[in-house]
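Hi,

Here is the structure I promised to pass on. Have a look at it first, and then read my notes below.

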Amino acid sequence: EGAYYLLLCDGMGTGTPAAQEAKQAVQILKELLCAGYPAEHALRSLNSLYALSGSAGAASISLVQLGLDTGKGALYQWGGSPGYLLSGTQVIKIGTAAPPPGLSVTEGRETVERLSLRRGETLVLLSDGAGGEESLRRLWMDEEATAGELAAKILQSSRTADADDATVAVVRLGHAPLST
C-alpha cells in the first residue's frame with residue numbers, strides 16, 4: 001500500500017554466527033511485515049521471541065518504513081547505530097543507540113524517529129563496523145553520487161584488517177517521470 005521498508009540487522013559478534021543471527025532476524029521481520037503487522041508490532045514480536053528463547057541481544061535492528069508517495073515515515077531502532085540524513089552539505093544524526101531486543105518481554109526499548117525524506121535527501125543506515133558520522137562527513141562531498149555509489153564509498157572507507165562486519169543501507173527518493 002505504498003509503504004517501502006528498509007531493514008538493517010546486525011548480528012552481535014563477527015563471522016558466520018553473527019551473520020546467521022542477522023539473517024534470521026531479517027527473515028522473521030520480513031514475514032511479519034508482509035503478513036500485515038505494523039512495524040512496531042513486528043519489532044515487539046521479535047523482541048518477545050528473543051526474550052523467551054534466551055537470545056537477548058542476538059541482533060540489532062534498524063527499520064525504516066517510508067511512504068513512497070509522500071516521503072514520510074519512521075525509523076525504528078532497537079540496538080542499532082543511529083541513522084543519518086544527508087541534506088545538502090549537512091549530516092544530521094537521527095535516533096540514538098538503544099539496548100538490543102530480547103532483554104525483556106514486557107518493556108519495549110525501541111526508539112522511533114519520525115522523518116520526512118525530501119527529494120535530494122539521503123537516508124543512511126550503518127552497522128557498527130561501517131564507520132559513523134565522521135566517515136560520512138568525509139565522504140559526503142559528491143551530492144551527485146547515486147545511493148549505490150555512496151554505499152560503496154562508505155564500505156570501502158571502513159575496510160580494515162580486523163574490522164567488524166560492515167553493512168550500509170542507503171535510500172534516496174527521486175521523482176518518477178510521468179508517463180501518458
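One term before we start: two strands count as paired if DSSP finds at least two bridges between them. Keep in mind, too, that this is a predicted model.

With that in hand, take strand β4 (residues 83–87) and β5: they pair in the antiparallel sense over five bridges. One of the residues to look up here is Ser 87, whose bridge partner in β5 is Gln 90.

Now zoom out to the sheet. Which strands make it up, and in what order? It's an open sheet of four strands, running β5-β4-β7-β8, with antiparallel pairing. At the edges sit β5 (90–94) and β8 (168–172), each of which pairs on one side only. From one strand to the next, the twist averages 20°.

There's a helix on this sheet as well: α4 (residues 147–157) packs on it and touches β4, β7 (122–126) and β8. The direction of α4 makes about 155° with that of β8.

The other thing I looked at is Gln 77, which you'll find in strand β3 (residues 72–78). Is Gln 77 buried or exposed? It's buried, because its relative accessible area is 0%, and the cut-off for buried is under 20%. Its side chain reaches the backbone oxygen of Ser 81 at 2.4 Å. Leaving aside residues up to four places away in sequence, Gln 77 also touches a whole list of others, including Ile 61, Ser 62, Pro 82, Ile 94 and Arg 109. Gly 83 and Glu 110 are among them too.

Cheers

Terms used
Residues are numbered from 1 along each chain as its sequence is written. This is a predicted model: local features need pLDDT of at least 70, side-chain atom pairs count only at pLDDT 80 or more; totals for chains, interfaces and linings use all residues. Side-chain values use heavy atoms; hydrogens and water are left out. Helices (H or I, at least four residues) and strands (E, at least two) are DSSP runs, numbered from the N terminus. Buried means under 20% relative accessible area, exposed over 50%, partly exposed in between (1.4 Å probe, protein chains only). A polar contact is a pair of N or O atoms within 3.5 Å; within protein, one must be able to donate a hydrogen and the other to accept it, and residues adjacent in sequence count only if both atoms are side-chain atoms. Contact means heavy atoms within 4.5 Å. Axes are lines fitted to C-alpha atoms, for helices over the stretch in contact, and angles run from 0 to 180 degrees between N-to-C directions.
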